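Here are my notes on this one, point by point. Have the model open while you read.

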Amino acid sequence: MADTSEDKIEVTENEEWKTAAKGKKRKRANTEKMDDEAAEQGSAMDVSQRPYFPPVKKEKLQKGTEVRKIPVPAHRYTPLKENWMKIFTPVVEQLNLQIRFNLKIRNVEIRTCKETTDVSNLQKAADFVRAFILGFEVDDALALLRLDDIFIDSFDIQDVKQLKGDHLSRAIGRLAGKNGKTKFTIENQTRTRIVVADHRVHILGAFSNTAAARRALCELILGSPPSKVFGHIRNVVVT
């Protein structure tokens, strides 16, 4: 008698587990059907029924103007003063923006005005001025205004390899080469412009070209000879 009671208990337990499993399967099936129906309704919705939001007008911006501020370090005051008209002319005449140098906070300030036709020109002008502050020539930085696929890539030598003292100085020397020959060769082969400012390196160019130049500079930092690096560039860069 004891055995039969234990068998009944086991049977009832198994039936409970089976019924619970069936309930879960039904719930999953129902949720899948609901998802399929929702997907069909979404695909059936016409494009004309979707909400349309017109672009924001410049009058609706905060006070109708936007401002960008670019800080200027002390060692770039003199170059900025000497090349101010070369920076001022394209920003004002081509992009229809207003620009000034704030002597109190040592920032170059750029803002939109009533004559500004495209608000995106503000970011282009800010990138142009920032490129000059980083050390690029004005003629090279103008590519940021004329072309849409030009970017600035910056990295620290310490991010590639932890170097201190004379080891860091030798790594910077390997990047430049004798009389800048190594840097000029990488610039010509990758069609980029490179600025080595202390332990910071800035690269100006298209995305694929800056990637190739950065890879070559990292190999030089790690100790590869220049001839080997130049061979790798020839294989990667399509001329």
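This is a predicted model: local features need pLDDT of at least 70, side-chain atom pairs count only at pLDDT 80 or more; totals for chains, interfaces and linings use all residues.

1. Helix H9 spans residues 181-190, and its buried residues are Thr182, Lys183, Ile186, Glu187, Gln189 and Thr190. Buried means under 20% relative accessible area, exposed over 50%, partly exposed in between (1.4 Å probe, protein chains only). Helices (H or I, at least four residues) and strands (E, at least two) are DSSP runs, numbered from the N terminus.

2. Numbering starts from 1 along each chain as its sequence is written, and side-chain values use heavy atoms, with hydrogens and water left out.

3. Searching the whole structure turns up two aromatic pairs. In the pair Trp84 and Phe88, the ring centres are 6.5 Å apart and the planes at 40 degrees, so this one is tilted. For the cut-offs, rings of Phe, Tyr and Trp (its six-membered ring) pair with centres within 6.5 Å; planes under 30 degrees apart are stacked, over 60 edge-to-face, the rest tilted. Trp84 and Phe88 sit four residues apart in helix H3 (residues 84-94), about one helical turn. Phe88 is partly exposed, at 29% relative accessible area.

4. Now the sheet: three strands, open, in the order S4-S6-S5, with antiparallel pairing. Strands S4 (151-156) and S5 (193-197) are at the edges with a single partner strand each, so one side of each has no neighbour in the sheet. Pairing takes at least two DSSP bridges between two strands. S4 and S6 (residues 200-205) are joined by six bridges; Ser154 has His202 in S6 as its bridge partner.
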